[in-house]
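Work through the exercises below with the structure open. Try each task before reading its solution.

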Amino acid sequence: MNQLINFDENNKVFHLHNDQISYLLAVEDGNTLAHVYFGKTIKQYHGQLRYPRVDRGFSGNLPGSLDRTFSRDSLPKEYSTAGEMDYHTPAAVVRQKDGSNALFLTYQDYKIVAGKPDLAGLPHSFVENNDEAETLIVNLLDEKSKVEFELAYTIYRDRPVITRSVKVVNKGEETVNIEKVASMQIDFVDRNFESITLPGAHAHERRVERSEINQGIHVYSSHRGTSSHQMNPFMALVDKDTTEFSGDAYGFAFVYSGNHKFEVEKDQFAQTHVNIGIDDFNFSWELTPNSSFQTPEVLMTYSAQGLNKMSQAFHTLIHDRVIRSKYKDRVRPILVNNWEATYFNFDEEKLKPIVDDAKEMGIEMFVLDDGWFGHRDDDNSSLGDWSVFEKKFPHGLDHFADYVHEQGLKFGLWFEPEMISMDSNLYQEHPDYLMHVPGRTPSPSRNQYVLDLGRKEVRDNIFEQMNKILESGKIDYIKWDMNRHLSDIYEADLPAARQGETYHRYVLGLYDLLERLVNSYPDLLIEGCSGGGGRFDAGMAYYNPQIWASDDSDAIDRLSIQYGTSLAYPQSMMTSHVSVSPNEQNGRITPLKTRGIVAMWGDLGYELDLTKMSKEDRQAVKEQVAEYKKIREVTQYGTFYRLKSAQTSNQCAWETVSKDKTEAVLSVVKVMASAQPYLTKTKMVGLAPEKHYEDQNTHEVYGGDELMNLGIYDPVEHGDFKAYIYHFKAID
Ligand code: DGJ
């Protein structure tokens, strides 16, 4: 096996490389760890092409040095800190015992290990055997305080991916406080980047936003306690002319579900400085002697062939090496969820006909959503009381679960484990479990409150309650929801000086609870949710192989939401449902066919009262379900391409191709109709040019090169919001 990481002792250069990428870092003057290069693989590296020495006014020099041409402020670095001569926004800030934030990191030593060490307590990418990756750990030390930063870099053998994280170890004798600690920094020279980010709102997640990076600091962050609808923890840096199919694209995805901060600074020399990590807003971490702090990790990808290639690298990495669930390679069950069908207004007798209809239509799972527990008839009560609401299920939950199973469907159940209602037994018994600042009235949101999840006692209580429901063995799936963001930040178990740890301890508590659940119930399919896609991140993927993409189920809005989501996350991770028309969220009227086609690009489900559908629509759903069963292996696990975007055109086109190129699915959605439409074509990609492909519906045969070069004329049809789907199979 070729080595993936080399150290050139003469030039003091580390080279992480595989057939696709190279990443270079060097030890420079003053034992400064410098960034040299990240991009296409370099096979003949001699280590001579280094950052030039230039005397820069107002960028100072190494302590005790007379050399005015070397500055830690201008040099591209691997990790900048506050308190050294570097005016970039720092990757780390440490408050020393003397009150200063002085921290001058110098290179000490390194080690290279086979594979990839685990990140205790945190989600992370992994290896299945040690040959598939190597990890470089570089130690930087602040000599005075003996605070050490261990920078970890993993390169995979067959992926254009580097992962990064940092461990801070206090080897000194004084307690220090970490006020900021990024998981990575990278500096680029002579690049004129644009950033692509995924901002949004509840029911409006992950809109693609492309912005110029001008001199100054650009921040994309969340301090809502979760990764949030408002700013997904993902960013790409691209050249101005980068498209879906050409140009450089650097992608960064943070494997973390709490506060995050992506900082991009274009400095005085037009160099681009990037930090990614936990947001330093209301963050501090007390580091006593001999203790350590582990940051979450960042996944970095590089593509020389545009955004589709970048996304494909994320898709395979997250699918293969972040998601652990037994379901990761199984086709996901088609479900019906009763939320938009009934909201809180249901009981066992009302639900049974929906189950019966689902069976008849070929649907594979029934999901009982919010309102089955405590005395919950609306969203004002019962969170924290995870026992069945007898009024709705007089014979118990098991009885209903048995009914669902008898119809041949799996049974799924909704939970919101992180929350508490004031109107609940849990609050009566443990008012202190509700996160609040002593002496202040906490703020409600959806009339609910957040549990103080950093406390083990609180987690144990919730786990035991869930356990009681799950140990019946009748639950096949759970939907783990979270319907508000954090406020009134305070952890009752921590002293005043350590309250800055609360946000992160909440996330560690959440991961601990999920880990316990995953270990106790390895066969359970867990779907993540946070008021739709409010916590759609690579951290949650470690526990939840699929996540509800948005509370907005309108097919046309979903074109943008699912498009943005696909920049970083695989199709199998995205759940997508057909709901009623007019749509409940925006009132739009769309054809059932279009709703079906758009939802087929994630894990398909239905979220409407099947019993109220017309005869024709019931037949159409039956056909959709049957069609989806034929294509879902390819749509969920094939190589995915974005061909046309509804955010920038009147059409949205997506395609997936099976790994062996023998099967492909293409869909085109035309948004607005026109009285005199221009003819448009959709050209497929990624097929084998020499193969012949048969359209599974019309049985017409086309050459792979025909489909890719001539392209298919998009149908001309009256009416807005029309969609078309094609399923091709290679014939010999
Ligand atoms: C928000 C989720 O996104 C919905 O699908 C539904 O489960 C509601 N919560 C229930 O309260």
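The exercises concern a predicted model, and each one is followed by a worked solution.

**Exercise 1. A residue in a strand**

Decide whether His-15 is buried or exposed, and list what it touches.

*Solution*

Step 1. His-15 sits in strand E2, which covers residues 13-17.

Step 2. Check accessibility. The relative accessibility of His-15 is 9%. Buried means under 20%, so His-15 counts as buried.

Step 3. Collect the contacts, leaving out residues up to four places away in sequence. His-15 then touches Leu-4, Ile-5, Asn-6, Ser-22, Tyr-23, Leu-24, Ile-42 and Tyr-45.

Step 4. Look for a polar contact between side chains. The side chains of His-15 and Ser-22 are joined by one of 2.8 Å.

**Exercise 2. Helices H6 and H7**

Classify the packing of H6 against H7, and name the residues that meet.

*Solution*

Step 1. Take the axes. Those of helix H6 (residues 456-470) and helix H7 (residues 502-520) come within 11 Å and cross at roughly 25°.

Step 2. Apply the cut-off. Angles under 35 degrees count as roughly parallel, so H6 is roughly parallel to H7.

Step 3. H6 passes H7 in a right-handed crossing.

Step 4. Name the residues. H6 supplies Arg-459, Asp-460, Ile-462, Phe-463, Met-466 and Leu-470. They meet Gly-509, Asp-512, Leu-513, Arg-516, Leu-517 and Ser-520 of H7.

Step 5. Sort by class. The contact of H6 with H7 has six nonpolar, two polar and four charged residues.

**Exercise 3. From Ala-555 to its helix pair**

Is Ala-555 buried or exposed? Which residues does Ala-555 contact beyond its neighbours within four places in sequence? How do H9 and H10 pack?

*Solution*

Step 1. Ala-555 belongs to helix H9, residues 555-565.

Step 2. Check accessibility. Ala-555 has a relative accessible area of 3% and is therefore buried.

Step 3. List the contacts, leaving aside neighbours within four places. Ala-555 is in contact with Thr-594, Arg-595 and Val-598.

Step 4. Ala-555 and Ser-581 are 26 residues apart along the chain, and their C-alpha atoms are separated by 9.9 Å.

Step 5. Move up to the helices. H9 and helix H10 (residues 592-599) have axes 9 Å apart, at an angle of about 20°. The two helices are therefore roughly parallel to each other. H9 passes H10 in a left-handed crossing.

Step 6. Assemble the contact. From H9 come Ala-555, Ile-556, Arg-558, Leu-559 and Gln-562; from H10 come Thr-594, Arg-595 and Val-598.

Step 7. Sort by class. The contact of H9 with H10 has four nonpolar, two polar and two charged residues.

Methods
Residues are numbered from 1 along each chain as its sequence is written. This is a predicted model: local features need pLDDT of at least 70, side-chain atom pairs count only at pLDDT 80 or more; totals for chains, interfaces and linings use all residues. Side-chain values use heavy atoms; hydrogens and water are left out. Helices (H or I, at least four residues) and strands (E, at least two) are DSSP runs, numbered from the N terminus. Buried means under 20% relative accessible area, exposed over 50%, partly exposed in between (1.4 Å probe, protein chains only). A polar contact is a pair of N or O atoms within 3.5 Å; within protein, one must be able to donate a hydrogen and the other to accept it, and residues adjacent in sequence count only if both atoms are side-chain atoms. Contact means heavy atoms within 4.5 Å. Axes are lines fitted to C-alpha atoms, for helices over the stretch in contact, and angles run from 0 to 180 degrees between N-to-C directions. Angles under 35 degrees count as roughly parallel, over 145 as roughly antiparallel, 65 to 115 as roughly perpendicular and the rest as oblique. A crossing is left-handed if the near helix is turned anticlockwise from the far one by less than a right angle, and right-handed if clockwise. Ala, Val, Leu, Ile, Met, Phe, Trp, Tyr, Cys and Pro count as nonpolar, Asp, Glu, Lys and Arg as charged, and the others, Gly among them, as polar.
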